[in-house]
Amino acid sequence: MTSSKPAMLSDLAFHMLLALGDGPSHGYAIGKAVEEQSGGRLDPTTGALYQALRRLTEDGLIAEVDGPKDADSRRRYFTLTASGRKAAATEAGRLDALVRTARKRRLFPQRA
Amino acid sequence: MSIYRRLLRIAAPALAREYGPAMEETLATRWREARGVSPRTRIVMRELLMLIALAWSERFGSRVRAQRRQQRLVEHSKAGAMDTLGQELRQAARRLLRAPAFTVASVLTLGLAIGANTAIFALVQRVVVNPLPYPESDRLIELDHGSVTMKVASGMSTTPGIYFIYRDRARSIESAAVYSVGARTLIERGEPERLRAAFATPSLGAVLRVPPALGRWFTEEEGTPGGPLAAVLSHSLWTWRFNGDRSIIGRGIVLDGVSIDVIGVMPAGFAFPDPRIDVWLPTQISRAQGFGFFGPQGVARLRDGVSLDTARAEFQGLLAGIADAYPDDPKATANVRTKLTFVGRTLKDATLGNVTRGLWLILAAVGVVLFVACANVANLFLVRTELRQREVAIRRALGAARLGLGRYFFTESFLLAGAGGAIGLSIAWAALRVLVQAGPTNLPRLHEVRLDAISVAYVAAVSIVAALVFGSIPLWRGTAAGALHDSGRGNTTSRQRHYVRHLLLGAQVAMALVLLVASALMVRSFQNLHAIDPGFNPDSTLSFNIGLPRTKYITIDQMATVHNGIVDRLAALPGVESASATTCLPLSMGCNANSMRVEGEEYPHGTLPPLSLMRAVGGGYFETMGMRIVRGRAITRADVDRKEPVVVISQKFANIAFKDVDPIGRRIASNQPPKPDGSVTFEWWTIVGVVVDTPMRALNEPDPMPMTFMPLSLANGVDLTRIAPTALQMNFVVRTSTPPLSIGPLAREAVRAIDADLAIAQFTTLQALVDRASAQMTFTMVLLAAAASISLVLGMIGIYGVTSYIVSQRTSEIGVRLALGAEPAGITSQIVKQGGKVTLAGIAVGLLAASAGSRLIASVLYGVSPRDPAIFAAMATLLMLVALVACWIPARRAARLSPTIALRAD
């Protein structure tokens, strides 16, 4: 679906992909991880979280997988797809490039 | 959590299908983790707002997503119009979430006002605008009469003789019918049940034009004397008692011991003449029976294009010729001499009576509440706008078009109004359930009132208008330069801003005062109505009705025995002080009346003696009812047992017929029609007592009807041998020392012990009877009081909010003044004075408006002038005090500031 050129990821979507970097996870845990990663800046409502999960699934960046056997049967587990990894990497690269530019212009402390 | 599931299913069905349970689980986990009131409140608010955003994006967002996918192919991702709108909405939602106090206050205020409006709108829409569920119902008229010489303006109803003349001769109507309401005992599978029956001429079907849902309506043959009897069931009786069995058609049912074939079932909404009718039976009358007696109600359908005035003129002409139409019936001549008048009213007016006024009044009141709520939210919006002056000024200075800015505010106002509308809808839904339960029974179609598509459209319209109003408020204000200028760090705010705010505030005060005055007038009317002495003591009295099967009880002696037996058993029950019976309770219509001859008086041919209601009562009736005997003695059990020809008359009767003469010992007789041979015999009764008047129609009856009470053993049996009440049905009254309704089961047992086939109906207390008589006023009063309280609270919040804001804007100025040695008391009084001025202006306008609107409310008041100065003054003072307190609280806070803190504030 997203063969030609991956779209620019939204802030929330990028954080969600990052949250799945450690392996499959479910809605509540993804939300919690997003909140922690962003230092509380992002705290999606349940509605927003699942809307984003659906969109990422539709775009083929994540896919649903079976959860552990002992998990709450209502929980749905998601994992990164290959194109999801690629999109996250592209976004990280974009941010990295921005950070390097910022350093060059002395807007950001140099590496220690 | 199940609420969330339900809301989600409504807001975003696709998402709910896909992830519903998972989302619920996630939310549940979050809920468990968020301990405490405030985090949980935050969750509820955020999720609710998100649901609204989801609802929007689920419906319009697919286009956005499709667009977005296309954009991926384009190098520059250019946001489409819809996408921008989506973004704006999301941003607006975020902005609102960042100001939860503002958001909650606005949404609740709007929700309350929209909810109240929607509920009353639904009510008025159903009850007033469209009360009669018959085709072309505006052509239906009531056939009612009055008499000039008897000084009865209306309410005499009609007679079969008049009906036949109208039906056969009047060209302005295409059909006419007469009907009356009574009761019958149904015995089905051994279980007796008292039914409400309507007796109607077969022509009623043609007049109302409502065909039965099942089977057929009556034929002309079934409406002529001697024709076959037939019954048409109401939908609810058919459903509940006969399990909706379609084979009921053609089967016989037993009514008052007579088997009658069921020929039809009416549709569910059919409720003529009222919703409590269980069965319709044919009235069997013919023109040969003569003029007849007043009693049956009449209804007719005008020909297309004929006006009510034309019909009235024609009917009045026909009435003049009625003596010639019935030459053999002296009643016709006598009645024509009383100068009969045709009272032309549409059936709609007759059904609604003065209900309409009250309802329009309530609708106007909730309209005012909506206005007050809008003014309040507008003020909140203004405050908020000012806090964001800089943001707006910069946007504008950077060249944001007014349109863009408009969208910026409108997205917020639409979200707020949308949420307010959603909450309003649920409030309306709940309020309607209460209203339908508690509303007065004389509101037509009340049971059909519900939130329908029209009401929902109304909510949508009100919400959109509200949103447009608030959204445009920030745009009213001047140019970009002005805005930038204003947003500078001034220590005072501009005059213009205060002007708008004060205008809104003053309007709120004025509206609140109008509502306060209206509701206080209603409360006073209600008090006056309740202060009326009904002539009997309604405390701790149980009442119920019994009808005797006419095949089993034929003579009056049989009937008197069974009634006396029941009274004796009731009186012996524990907790019962006394018991008695009457053919007709106070505040009940449809009881016997006749003109009463006084012995020794001459009545020239063609004139009628005074009219009196007639009631047959058991021994000790007046004692049980708590009706005071003014002169002489009451009717005793001994009178009943010995069939003593004695009567007790009411004060009104004594005044009319005997003036200053003592009526005790005089004799009266119920006027009787002449026998076929021309002779007339009267049955003379001796007056032994005079009792207080009791009302027949309403508590505030200006002119009580004269009444005659006789021992029940003097009543008629099954055969109506003379004009007198019949003891076929009887109301029992039990005065108790325990809560009256607790006697119910025992009373049932007592009746069953006498005859297991007797059905008890209308278990009630006399207090309920009195309450029902004032139900209309109670209903209007409670709703008006609710509207007034809401507007008072909203007004107070408005004044408090605006004063707080003004104080906060002037904190640094106040600080400077305090630092320079100003007295805190002086500062408080200055701020209070400012608010007081606005309030005073509002009160002045409100008083003018209330006095101008007094004509609208006058007709629903009782015993109080619509411009009662005491009430006007009291409400104005109350409002002034409340307003001053609302100003004083923030003012005092300002004056108590330490100067250093106040100066640092800016």
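A salt bridge here is a side-chain nitrogen of Lys or Arg within 4 Å of a carboxyl oxygen of Asp or Glu. B:Arg46 and A:Asp43 meet that rule, with their closest N and O atoms 3.3 Å apart. The model is predicted. Over all chains it holds 35 salt bridges and zero disulfides.

**Interface of chains A and B**
- Chain B brings 28 residues to the contact, and chain A brings 30 residues.
- About 2,600 Å² is buried between the two chains, with carbon and sulfur atoms giving 47% of that area.
- The rule finds three salt bridges across this interface.
- Nine residue pairs are in polar contact across the interface, both residues at pLDDT 80 or more.
- On the side of chain B that touches chain A, helix H2 (13-33) and helix H3 (37-73) each supply at least two residues.
- H2(B) gives the largest share of that side, 14 residues.

**Nonpolar cores**
- The largest nonpolar core has 154 residues.
- B:Leu570 and B:Phe709 have the most contacts inside this core.
- Helix H18 (residues 495-531) of chain B gives the most to the core, with 15 residues.
- Another core lies apart from it and has 38 residues, among them A:Met16, A:Leu80, B:Ala16 and B:Ala22.
- Leaving out residues up to four places away in sequence, B:Phe709 touches several residues, including B:Tyr621, B:Phe622, B:Met627 and B:Ile635.
- The partners of B:Phe709 also include B:Arg615 and the run B:Val646, B:Val647 and B:Val648.

**Salt bridges within chains**
- A:Arg76 pairs with A:Glu64, the closest N and O atoms being 2.6 Å apart.
- This pair links distant parts of the chain: A:Glu64 sits in strand S2 (62-65), and A:Arg76 lies 12 residues apart from it in the loop between S2 and strand S3 (77-80).
- A:Arg76 counts as partly exposed because its relative accessibility is 22%.
- A:Glu64, at 38%, is also partly exposed.
- B:Arg167 and B:Asp168 meet in a salt bridge at 3.1 Å, N to O.
- B:Arg167 has a relative accessible area of 36%, so it is partly exposed; B:Asp168 is partly exposed at 39%.
- B:Glu644 and B:Arg642 form a salt bridge at 3.1 Å, N to O.
- B:Glu644 is partly exposed at 25%, whereas B:Arg642 is exposed at 56%.
- B:Glu136, B:Arg139, B:Glu174 and B:Arg209 are linked in a network of salt bridges.

**Cysteines**
- B:Cys887 is buried, because its relative accessibility is 0%.
- B:Cys374 also counts as buried, at 17%, since the cut-off is under 20%.

Terms used. Residues numbered from 1 in each chain as written. Chains lettered and ligands numbered in written order. Predicted model: local features only at pLDDT ≥ 70, side-chain atom pairs only at ≥ 80, totals over all residues. Heavy atoms only, no water. Core = buried A, V, L, I, M, F, W, Y, C linked by side-chain atoms within 4.5 Å. Buried < 20%, exposed > 50% of the residue type's maximum accessible area, 1.4 Å probe, protein only. Helix = DSSP H or I, 4+ residues; strand = E, 2+ residues; numbered from the N terminus. Contact = heavy atoms within 4.5 Å. Disulfide = S-S within 2.5 Å. Buried area = accessible area lost by both parts, 1.4 Å probe. Polar contact = N/O pair within 3.5 Å; in protein donor to acceptor, adjacent residues only side chain to side chain.
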